[in-house]
Amino acid sequence: METITLTIDGRKVKGETGQTVLEVALKNSIKIPYLCYHPKVSKTGACRVCIVRINGTILKASCVEPIAEGMTVVTEDEEIVKIRKFILELLLSDGDHNCLYCDANGDCEFQTLIQRYDIQEVKPSASRTPKEIDYESSNALKRNENRCILCGRCVKACREIQVSNVWSFTERGSETHLVADDGKRIGESSCVKCGTCAQLCPTGAITFQTVIGRGSNWELTSIPSICIYCGVGCKIDFYKNRDNILVKAMGNYTGPNEGHLCVKGRFGFDFVHSEKRLKKPLIKKNGVFVEAEWGEALNLVASRLREIKDKYGPDSIAALSSAKCTNEENYLLQKFIRSIIGTNNIDHCARL
Amino acid sequence: MTNSIREIPISECYLVIGSNTTENHPVIGSMIKNEVINRGKKLIVVDPREIELARYADYYFQIRPGTNIAILNGFMHVLIKEGLYNKEFVQTRCEGFDEMARVLEKYTPEFVADICGIDNPEDIVAAARLMARLKPMALYYSMGITQFISGVNGVKSTANLQMLLGNVGIAGGGVNPLRGQNNVQGSCDMGALPVSYPAYQPVASEDNKKKFETAWCVPNLSLKPGLTILEMFNHAIAGNIKAIYAMGENPVMSDPNQRHVIEALESLEFFVIQDIFLTETGQYAHVVLPARSFLEKEGTVTNTERRVQLMHKVLPPVGDAKDDWWIVQEVAKRMGAQWDYKKPEDIFEEIRKVTPSYGGITYERADNSIIQWPCPSEDHPGTQFLHKDKFTRGLGLFTPVEYTPPAEEADFEYPMVLTTGRILDHFHTGTMTRKSKVLEENVYEGFVEINPNDAQNYNIVNGEVISVSTRRGSIRIKAKVTEKIKPNTVFIPFHFFEACANVLTIDAVDPTCKIPEYKVCACRIEKVQS
């Protein structure tokens with residue numbers, strides 16, 4: 001790796017061979033707008049929103065432009081703004097972008113840029129045709145192609161991250177649109193519902209079934225935690241609304257999963273809100289469970305364990321720990337069984 | 001895992017044996033697929049079911065359930081016979097080669113193909129040559145290696161192969177078991193095992209006894225190793241175990257031979273369970289204590305690559321549910337413990353003191369950086385891969401391992417082989433996934449995979465409810481006729497209580513580690529008379 005020095009907006013910055021202008025800029029907190037680019041998929045260079053001026057003359061798409069020693073980059077000037085506005089207006093005129101009924105409202109990269117560049121309402125383009133809306137075929141994903149800006153992130157997410165190759169573009173020119181498998185609707189395709197396409201979609205073209213109606217994006221708060229299922233240990237940003245209801249799960253890019261999730265990590269958490277959750281201690285009396293207060297239940301457990309220990313010895317008691325509990329909880333249970341009960345009879349589901 | 005998930009792009013080749021990775025560890029499965037499909041890496045798959053990865057494999061071996069050791073020995077036989085193994089690594093880093101080589105002599109490709117029920121012995125030769133050519137190769141396995149009465153030997157065979165190839169102690173190589181639960185690694189690390197204190201320090205050691213007596217300020221810790229889960233149940237039936245304290249767990253669904261488990265629970269004088277739901281197992285408890293779910297608590301978990309990560313509290317607790325650690329402490333205090341942990345971090349700070357491999361891990365580090373144990377001190381960066389330059393025991397030990405048949409083979413009365421496992425949309429006993437809308441809608445009932453040949457022989461059509469029986473019990477379940485499964489073999493996922501696979505499974509266990517043989521037993525399928 002060779003270190004390369006270049007100047008972006010008057011600032012001297014360093015990068016490495018093979019990096020693009022956009023990558024180096026973003027690493028140095030220099031904001032260049034983009035739509036088709038995403039750090040987790042290969043470069044597309046299609047939307048041209050990320051154009052910058054190189055060495056005072058030529059305009060290039062920064063997402064695919066390799067850095068070079070001594071290069072000077074200007075990320076925005078009058079002409080660049082004009083071109084960006086033109087591109088955004090073209091994209092806007094070719095779709096139906098009404099934020100009022102869009103799931104992505106408030107969490108839409110396209111909307112952010114439309115507002116940043118102060119784009120006003122534009123007339124629909126002459127070639128614009130209503131495209132497919134599929135809100136029914138899949139219980140996990142919704143698709144509204146009228147909001148698609150053909151950035152291709154979903155196609156690449158499915159090809160390069162999930163590697164199921166469900167999405168692809170078909171037809172040409174203004175007829176270009178997305179298809180699942182060989183022309184199927186998403187619910188009838190081979191989609192495994194990992195939801196990575198929706199996570200990467202910069203508009204509301206592909207969204208989760210579980211989001212709309214549970215709170216607008218600006219009402220949600222996200223807290224990272226670790227998935228409860230397999231041993232990969234995916235880090236997930238859990239989004240909840242003001243009523244503490246989970247709204248969506250998004251793969252966190254700093255975890256071992258690098259942003260990716262599977263269907264369980266994306267959609268497998270309704271159980272926390274289940275009506276069947278235990279809310280009170282239960283004590284079986286005459287064969288039937290009866291709700292009890294903590295004091296009564298804990299006293300009963302401690303006294304029964306003490307009686308059994310006294311009568312039959314510590315090795316008559318055993319504990320089952322759980323691979324679903326934290327290190328702290330597992331540690332404490334083994335400490336309890338070893339130091340308070342006095343036996344090594346502890347095991348968990350490691351082999352099951 | 002000896003190595004790390006982020007090393008997947010470094011590997012040139014992958015051997016996936018006994019792991020349905022794309023369904024059970026899907027994120028790792030996708031990473032491997034990306035390397036193979038988009039970057040031309042090579043893949044060898046060994047599995048009785050034609051799993052998704054088999055489609056992209058350069059060599060796929062559809063072996064009979066329970067014959068992993070034979071095929072691994074077959075690969076090694078070829079590597080030695082053709083002189084393709086890593087001689088330098090074997091000479092400088094390992095011992096026991098000659099003894100192993102002698103055992104491997106008879107595992108010719110033809111001999112192995114016969115045991116494994118595969119048609120092309122020459123593919124074993126070709127796959128072995130591929131392994132020798134492409135370095136580093138990463139070996140991934142899961143319960144398809146371990147859940148046999150020869151499970152320990154299966155694991156040793158995977159280590160034998162990777163040491164022979166010199167693929168241990170280097171980035172992108174390694175022996176990589178994919179752990180099935182989000183904190184099964186941590187539970188083991190924390191000493192939730194009958195034979196060891198935290199960090200695998202044996203309980204049957206005077207030194208460790210003293211160490212923990214001092215750390216915990218108690219006299220007389222027991223030197224006697226405890227019982228494993230299945231032994232606990234056997235002893236409960238025998239009348240030696242009188243009480244069980246369970247923190248989570250659902251053995252009625254997850255342990256083999258369900259009838260036996262229920263008999264054990266019913267024979268207890270006292271059974272208390274902490275859980276988030278009243279499970280199939282909870283029904284047999286005398287006291288059920290409501291616990292908080294993972295989203296309502298804080299604490300650390302350790303993933304399959306030994307990475308310790310911090311879980312955050314996302315949601316407020318439900319009803320009167322309490323943290324599992326709080327419940328344990330409250331019971332302990334009532335039995336004389338002088339404990340005063342106020343939050344999980346207090347417990348973690350104690351863990352660091354008695355668990356050398358966790359010594360340098362703090363909440364702050366676990367939350368903001370990649371920290372994998374062993375991490376003995378706060379200035380230690382953690383360990384990306386194990387056995388660099390030297391094995392923990394010094395030299396890597398080759399263990400001669402012979403193939404041994406499973407506990408129960410198909411016979412006249414039970415002519416088919418049953419193997420069990422998991423599917424993408426559900427997890428373990430289904431307690432959580434079956435209460436999640438999308439997942440339950442995706443797959444809402446159990447099924448038995450049957451090869452079309454067998455379906456024709458038994459006059460069974462796809463979707464028909466049939467009976468599957470073993471010496472332990474019998475269930476009714478929908479048939480899924482598919483080429484994915486080998487003839488004379490059926491597969492049932494164990495997530496569904498309505499058609500519970502573990503009514504059928506055998507409770508024979510590996511003599512060393514006591515893992516049950518979930519992956520193979522003899523069964524019989526029958527048409528249900530309407």
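1. Conventions. The model is predicted, and local features need pLDDT of at least 70, side-chain atom pairs count only at pLDDT 80 or more, and totals for chains, interfaces and linings use all residues. Residues are numbered from 1 along each chain as its sequence is written, chains are lettered from A and ligands numbered from 1 in the order in which they are written, and side-chain values use heavy atoms, with hydrogens and water left out. Helices (H or I, at least four residues) and strands (E, at least two) are DSSP runs, numbered from the N terminus.

2. H4 and H10 of chain B. Helix H4 (residues 68-81) of chain B and helix H10 (residues 151-164) of chain B have axes that come within 9 Å and cross at roughly 20 degrees. Axes here are lines fitted to C-alpha atoms, for helices over the stretch in contact, and angles run from 0 to 180 degrees between N-to-C directions. H4(B) and H10(B) are therefore roughly parallel to each other; angles under 35 degrees count as roughly parallel, over 145 as roughly antiparallel, 65 to 115 as roughly perpendicular and the rest as oblique. The crossing of H4(B) past H10(B) is left-handed, that is, the near helix is turned anticlockwise from the far one by less than a right angle, whereas clockwise would be right-handed.

3. Residues between H4(B) and H10(B). On the H4(B) side the contact (heavy atoms within 4.5 Å) involves B:Ile69, B:Leu72, B:Phe75, B:Met76, B:Leu79 and B:Ile80. Facing them in H10(B) are B:Asn153, B:Gly154, B:Ser157, B:Thr158, B:Asn160, B:Leu161 and B:Leu164. By class, the contact of H4(B) with H10(B) has eight nonpolar, five polar and no charged residues. In this scheme Ala, Val, Leu, Ile, Met, Phe, Trp, Tyr, Cys and Pro count as nonpolar, Asp, Glu, Lys and Arg as charged, and the others, Gly among them, as polar.

4. H7(A) against H16(B). Across the two chains, the axes of helix H7 (residues 294-312) of chain A and helix H16 (residues 324-334) of chain B come within 9 Å and cross at roughly 55 degrees. That angle makes H7(A) oblique to H16(B), and H7(A) passes H16(B) in a right-handed crossing. Among the contact residues are A:Trp294, A:Leu298 and A:Arg306 of H7(A), and B:Trp326, B:Glu330 and B:Arg334 of H16(B). The residues of this contact of H7(A) with H16(B) divide into eight nonpolar, two polar and three charged.

5. H8(A) against H16(B). H16(B) also meets helix H8 (residues 327-341) of chain A, where the axes come within 9 Å and cross at roughly 15 degrees. H8(A) is thus roughly parallel to H16(B), and the crossing of H8(A) and H16(B) is left-handed. H8(A) contributes A:Glu329, A:Leu332, A:Leu333, A:Phe336 and A:Ile340, while the H16(B) residues include B:Trp325, B:Val328 and B:Val331. The class count for H8(A) with H16(B) is eight nonpolar, one polar and two charged.

6. Buried faces. Helix H2 (residues 78-93) of chain A has buried residues (under 20% relative accessible area; exposed is over 50%, partly exposed in between; 1.4 Å probe, protein chains only) at A:Ile80, A:Arg84, A:Ile87, A:Leu88, A:Leu92 and A:Ser93. These pack against strand E3 (51-54), strand E4 (58-61), strand E5 (72-74) and helix H3 (109-116) of chain A. In helix H17 (residues 344-354) of chain B, the buried residues include B:Pro344, B:Phe348 and B:Arg352. The buried residues of H17(B) pack against partners that include H8 of chain A and H16 of chain B.

7. B:Ser293. This residue is in the loop between strand E11 (287-290) and E12 of chain B, and B:Ser293 is buried, with a relative accessible area of 2%. Not counting residues up to four places away in sequence, B:Ser293 touches A:Phe271, A:Val272, A:Arg277 and B:Ile276.

8. Backbone points to check. Most residues other than glycine have a negative phi, and most peptide bonds are trans. A cis peptide bond joins B:Lys135 and B:Pro136, with omega about -5 degrees; another cis bond runs from B:Trp373 to B:Pro374, with omega near 0 degrees. A:Leu150 has a positive phi of about 55 degrees and is partly exposed, with a relative accessible area of 31%. B:Asn220 has a positive phi near 60 degrees and is exposed, with a relative accessible area of 63%.
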